[in-house]
Structures are given as C-alpha cells and as structure tokens.
Amino acid sequence: MQLKVLITGSNGDLACSIAKIIKKHFKNSKIIGTDLSKNGIGELIFDKIYKVPPANHKNYEKFINKLSKKVDLIIPATEVENKFFCKNSKKYKSKVLINENHIMDLFSEKYKTQKYLKQNFKELALDYCILLKDFNKYNKKISTPFF
C-alpha cells in the first residue's frame, strides 16, 4: 500500500524534516506539498509541490479541497495553515494530523504558553516572555539595558 501524504509549507524547514522522516519510515510513500512558491528546497525532497494562495485567502480552501481527495493524510506545517485546519477540523478530521483547538490556542502564543507552564509546571517555566505594556517595569529591574 502506498501512503499519500500532503504536507503544507513544503519549502520550509519543518515541512522538509517531516517529509524526510516519512520517506525514511514509509519507503513507498508519495509526498506532495503545498507552498506559496513552487521553487525552493522542497523540490529536492517532495514528489510534487503545488503552488497555493495564502491560507487566509478566500481561494485557499478550494485548492485544499481538491488536493485532499488525492491523499490519505494532511500535515499542516505552518502556523497559518494550522489555524485554518483547526478552524475547519470537522471537514478534514479524518485526514488531518492536528491538535484540538484549545491546544492550538494555548501553545500558539508564547505568553499564553508561559502562563500555562508557570501555573502547572513551576519548576520548568522560564521568564522568557513579557507583555509590551510591562516592558518598562521589567527594564527598570535590570541593571543593563537590552539595547
């Protein structure tokens, strides 16, 4: 059986890494990609790359609907496409490898992620993110400026 996989953002490093892993473990797989550009590093890894409009464009869904009929699995590899598939998860549920909406919402913003880690895993949480409105308060506490 040949596994047919669609990976979005195919010229990006994440998509290329996912494609390499699939090719290594599923030798007979066919891997197609989508990207804003057909030309890029993905050409060396993917079997075929389709040029698509941005995920927030009105025609994006039309392209994805057509391509989804040709594949067994869809793996979104960009933030905007992750949001698109989360929003449309019921339509693509059986084919898309994606987290649930509440997980995507929590971990797609650094500040929300940091707050969650502080509340639930105090020993793992680092202060790596502050809100812009709190920057002046934070900057006064340190002796050397950032810039």
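**Exercise 1. Pairing of β1 and β2**

Determine in which sense, parallel or antiparallel, strands β1 and β2 pair, and over how many bridges.

*Solution.* 
Step 1. Locate the strands in this predicted model: β1 covers residues 4-8, and β2 covers residues 30-35.
Step 2. Consider the partners. Val-5 has Ile-31 in β2 as its bridge partner, and the bridge partner of Thr-8 is Thr-34 in β2.
Step 3. State the result. The two strands pair in the parallel sense, over five bridges. In general, strands of a sheet pair through backbone hydrogen bonds, and the pairing may be parallel or antiparallel.

**Exercise 2. The order of the sheet**

State the order of the four strands in the open sheet, and identify which are the edge strands.

*Solution.* 
Step 1. Strands β2 and β3 pair in the parallel sense over four bridges, and Asp-35 stands opposite Lys-51 in β3.
Step 2. Identify the edges. Strands β3 (48-51) and β4 (73-75) each pair on one side only, and they are the edge strands.

**Exercise 3. A residue in a loop**

Decide whether Asn-11 is buried or exposed, and state which residues are in contact with it.

*Solution.* 
Step 1. Asn-11 is found in the loop between β1 and α1 (13-25).
Step 2. Apply the cut-off: a residue counts as buried under 20% relative accessible area. The relative accessibility of Asn-11 is 18%, and therefore Asn-11 counts as buried.
Step 3. Name the contacts. Apart from neighbours within four places in sequence, Asn-11 is in contact with Asp-35, Ser-37, Lys-38, Asn-39, Gly-40, Ile-41, Gly-42, Glu-43 and Ile-49.
Step 4. Compare sequence with space for one of these residues. Asn-11 and Ser-37 are 26 residues apart along the chain, and their C-alpha atoms are separated by 7.9 Å.

**Exercise 4. Two helices in contact**

Describe how α2 and α3 pack against each other, giving the angle and the axis separation; then list which residues of α3 are buried.

*Solution.* 
Step 1. Helix α2 (residues 60-68) and helix α3 (residues 79-87) pack at about 75 degrees, and their axes are 13 Å apart. Therefore α2 is roughly perpendicular to α3.
Step 2. At the contact, Tyr-60, Glu-61 and Ile-64 of α2 meet Glu-81, Phe-84 and Phe-85 of α3. By class, this contact has four nonpolar, two charged and no polar residues.
Step 3. The residues Glu-81, Asn-82, Phe-84, Phe-85 and Cys-86 of α3 are buried. Their cover includes β1, β2, α2, β4, α4 (89-92) and α5 (101-107).
Step 4. Take Phe-85 as an example. With a relative accessible area of 1%, Phe-85 is buried. Beyond neighbours within four places in sequence, its contacts are Thr-8, Tyr-60, Ile-64, Ile-74, Pro-76, Tyr-92, Val-96 and Ile-98.

**Exercise 5. The chain as a whole**

State how many helices and strands the chain has, and what percentage of its residues count as buried.

*Solution.* 
Step 1. The chain has seven helices and four strands. From the N terminus, the elements run β-α-β-β-α-β-α-α-α-α-α.
Step 2. Of the 147 residues, 32% count as buried.
Step 3. The chain exposes about 10500 Å², of which carbon and sulfur atoms supply 55%.
Step 4. Among contacts between residues at least 6 apart in sequence, 47% join residues at least 24 apart.

Conventions
Residues are numbered from 1 along each chain as its sequence is written. This is a predicted model: local features need pLDDT of at least 70, side-chain atom pairs count only at pLDDT 80 or more; totals for chains, interfaces and linings use all residues. Side-chain values use heavy atoms; hydrogens and water are left out. Axes are lines fitted to C-alpha atoms, for helices over the stretch in contact, and angles run from 0 to 180 degrees between N-to-C directions. Angles under 35 degrees count as roughly parallel, over 145 as roughly antiparallel, 65 to 115 as roughly perpendicular and the rest as oblique. Contact means heavy atoms within 4.5 Å. Ala, Val, Leu, Ile, Met, Phe, Trp, Tyr, Cys and Pro count as nonpolar, Asp, Glu, Lys and Arg as charged, and the others, Gly among them, as polar. Buried means under 20% relative accessible area, exposed over 50%, partly exposed in between (1.4 Å probe, protein chains only). Accessible areas come from the Shrake-Rupley method with a 1.4 Å probe; for residues, only the protein chains shown count as cover. Two strands pair if DSSP finds at least two bridges between them.
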